[in-house]
Amino acid sequence: MEKHNLTMLNEFILMGITDRPELQAPLFGLLLIIYMISMVGNLGMIILTKIDSKLQTPMYFFLRHLAISDLGYSTAVGPKMLVNFVVNENTISYYFCATQLGFFIVFIASELFILSAMSYDRYVAICNPLLYTVIMPQRTCWVLVAIPYLYSTFVSLLVTIKIFNLSFCGHNVIRHFYCDNLALLSLLCSNTYEIESIILILSVFELISSLLIVVVSYLLVFVAILRMNSAEGRHKAFSTCGSHLTVVVVFYGTLIFMYMQPKSSHCTDTDKVASIFYTLVIPMLNPLNYSLRNKDVKYALHRTWKKICNIFSTI
């Protein structure tokens with residue numbers, strides 16, 4: 001097939017979430033509220049786990065980086081999606097599209113492995129409590145988040161450069177509300193077998209390897225909990241895992257639904273709903289889940305609020 005000059009394609013047109021005019025205003029309002037709650041919640045979690053002296057443990061260190069990932073990939077998609085509700089043409093420049101895809105992959109891939117690191121942390125805390133500080137020092141925690149960030153950056157650069165080095169046809173309408181890699185592949189004139197294989201292999205590796213760590217960690221945790229003699233101890237152990245398990249089930253379940261179904265069963269509207277869920281709704285739910293169900297976070301919020309009130313009362 002004849003190659004097309006990449007410089008001829010300067011922008012893409014995003015189809016958006018819906019083309020029904022009567023739904024534009026309600027969806028804009030709803031998604032704006034969701035994104036603002038997500039941004040405030042995740043920024044609050046990042047600041048709180050950084051400044052509060054009682055939250056300087058590995059669990060909250062990983063929670064801070066989970067909030068960074070949530071904030072990262074929701075911000076890569078959210079603002080542009082909201083802008084497209086209020087402008088006449090839903091266009092995105094060629095280079096901004098590549099940038100959006102790159103940052104989205106970095107944060108979504110890193111979240112998978114941060115969730116698995118959090119599972120391992122819970123395993124150590126419950127199954128080896130006496131050795132917890134020895135097994136999970138600050139250096140180990142940094143390694144467990146640095147590796148996901150480095151790996152996801154490598155994957156992001158590989159996939160983004162591969163896609164945008166291929167030839168696009170004249171058709172530039174992306175059947176999505178952001179620059180998703182699968183939506184972009186349908187616009188390519190070049191042979192996409194290599195990049196499709198790379199995306200499939202990396203996606204399967206990331207999902208299976210990170211999910212395996214989660215499943216094995218929690219199987220060992222449940223065995224340890226069942227062996228506990230104290231009912232209070234069992235309840236406390238379950239409560240420390242409950243928030244994280246909720247996040248894991250929702251996040252992995254949505255991704256598996258999105259990317260592991262066969263091409264023939266893909267539906268554009270269904271994919272968009274699932275994408276909204278994991279790009280905006282999950283980042284909103286995570287800080288709410290950890291703050292409402294976690295006493296340490298509640299007390300930290302109360303202490304921080306009292307300090308802020310005291311500062312303003314002395315002015």
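**Close-up views of a predicted model**

**View 1. The second largest cavity.** The second largest cavity holds about 60 Å³ of space. A cavity is a set of points on a 1 Å grid over the protein atoms alone where a 1.4 Å probe fits but cannot get out; lining residues have an atom within 4 Å of a point. M59, M118, D121, R122, T240, H244 and Y290 line the second largest cavity. The elements giving two or more residues to this lining are α3 and α8 (231–259). Helix α3 gives the most, with 3 residues. This is a predicted model, where local features need pLDDT of at least 70, side-chain atom pairs count only at pLDDT 80 or more, and totals for chains, interfaces and linings use all residues. Residues are numbered from 1 along each chain as its sequence is written, and side-chain values use heavy atoms, without hydrogens and water.

**View 2. Helix α3.** Helices are DSSP runs (H or I, at least four residues) and strands are too (E, at least two), numbered from the N terminus. Of the 34 residues of α3, 27 are buried (under 20% relative accessible area, 1.4 Å probe, protein chains only).

**View 3. The loop residue T18.** T18 sits in the loop between β1 (11–14) and α1 (21–51). T18 counts as buried because its relative accessibility is 15%. Leaving aside neighbours within four places in sequence, T18 is in contact (heavy atoms within 4.5 Å) with L23, Q24 and L27.

**View 4. I163 and its partners.** Not counting residues up to four places away in sequence, I163 touches L101, F168, N181, L184, L185, L188, I195 and I199.

How values were computed. Buried < 20%, exposed > 50% of the residue type's maximum accessible area, 1.4 Å probe, protein only. 1 Å grid on protein atoms, 1.4 Å probe; cavity = no way out; pocket = protein on both sides within 12 Å on 5 of 7 lines; lining within 4 Å. Points joined across faces, edges and corners; volume = space filled by probe spheres on them.
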